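Hi everyone, thanks for making time for this. I'd like to walk you through one model and then stop at a couple of residues along the way.

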Amino acid sequence: MNSLFLTVLAAGLFLVGSAQAQCPPTLTNGKLHGILPVMNQAVTYTDVVDCGSVSQVELFRRARLWIMQSSHSANDNVSLSDRETGDLVGRMTQVVTLPRSESSAGGVYSFRFSFMVECTNRKYRATITQITVEDTGNARSTPIELYCQKGDRDLQAIYAELDKQVNHTLALLQENVKHYKPF
């Protein structure tokens with residue numbers, strides 16, 4: 001049985017290595033395909049925001065409220081919500097829809113990512129990382145750093161739209177935490 005397991009494992013690693021060799025990730029200026037920012041070999045977005053004189057507890061409350069209101073998928077979750085440390089951690093979904101055109105096949109692409117918001121007195125740091133491409137036909141997901149699309153032009157369009165949406169998400173978080181409108 002051990003021999004069979006090792007044979008299957010070796011075959012699986014060979015197939016994964018072959019798939020990666022056909023579509024190696026392209027890094028340009030520290031960005032995957034010149035679009036998505038890479039830190040420590042993973043696509044990662046980080047935003048540090050100074051919120052004036054707002055306390056840690058109030059920053060945490062504002063960030064938690066915004067995250068709960070902006071959750072769009074049943075699979076989105078908050079796995080850590082610690083008021084004492086000011087930490088929020090979870091997974092969220094982002095859907096990218098590209099229209100079909102003469103130069104692009106178009107399509108709907110679902111991504112999941114880990115988010116972390118760390119609140120301290122006057123500041124918070126938001127981090128989005130561990131982005132995976134979800135295959136809606138089954139439960140498989142592929143780290144974005146290993147994702148392969150047939151056409152490089154399609155991949156660039158997908159990444160550009162994802163980058164735009166993730167940056168928009170970080171901007172909305174900033175707007176709703178820094179410029180919170182009390183009732």
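**A walk through the fold**

So, what are we looking at? The chain has three helices and 10 strands, and please keep in mind that this is a predicted model. If you read along the sequence, the order is α-β-β-β-β-β-α-β-β-β-β-β-α. Of the 183 residues, 36% count as buried. Among contacts between residues at least 6 apart in sequence, 56% join residues at least 24 apart. The accessible surface comes to about 11,300 Å², and carbon and sulfur atoms account for 55% of that.

Let's go inside. The largest nonpolar core has 38 residues, and those with the most contacts inside it include Leu-36, Phe-111, Tyr-124 and Ile-144. Elements giving two or more residues to this core include helix H2 (56-70), strand S8 (107-120) and helix H3 (152-178). Which element gives the largest share? That would be H3, with eight residues.

Now take Ile-144. Leaving aside residues up to four places away in sequence, Ile-144 touches Leu-32, Leu-36, Val-43, Phe-111, Ile-131, Thr-132, Val-133, Tyr-159 and Leu-162.

My last stop is Ser-141, which sits in strand S10 (residues 141-143). Is Ser-141 buried, exposed or partly exposed? Its relative accessible area is 39%, so Ser-141 is partly exposed: buried would need under 20%, and exposed over 50%. Again not counting residues up to four places away in sequence, Ser-141 touches Thr-132, Val-133 and Glu-134. Ser-141 and Phe-111 are 30 residues apart along the chain, and their C-alpha atoms are separated by 8.7 Å.

That's my tour, and I'm happy to take questions!

Definitions and conventions: Residues numbered from 1 in each chain as written. Predicted model: local features only at pLDDT ≥ 70, side-chain atom pairs only at ≥ 80, totals over all residues. Heavy atoms only, no water. Core = buried A, V, L, I, M, F, W, Y, C linked by side-chain atoms within 4.5 Å. Buried < 20%, exposed > 50% of the residue type's maximum accessible area, 1.4 Å probe, protein only. Helix = DSSP H or I, 4+ residues; strand = E, 2+ residues; numbered from the N terminus. Contact = heavy atoms within 4.5 Å. Areas by Shrake-Rupley, 256 points an atom, 1.4 Å probe, with all protein chains shown as cover.
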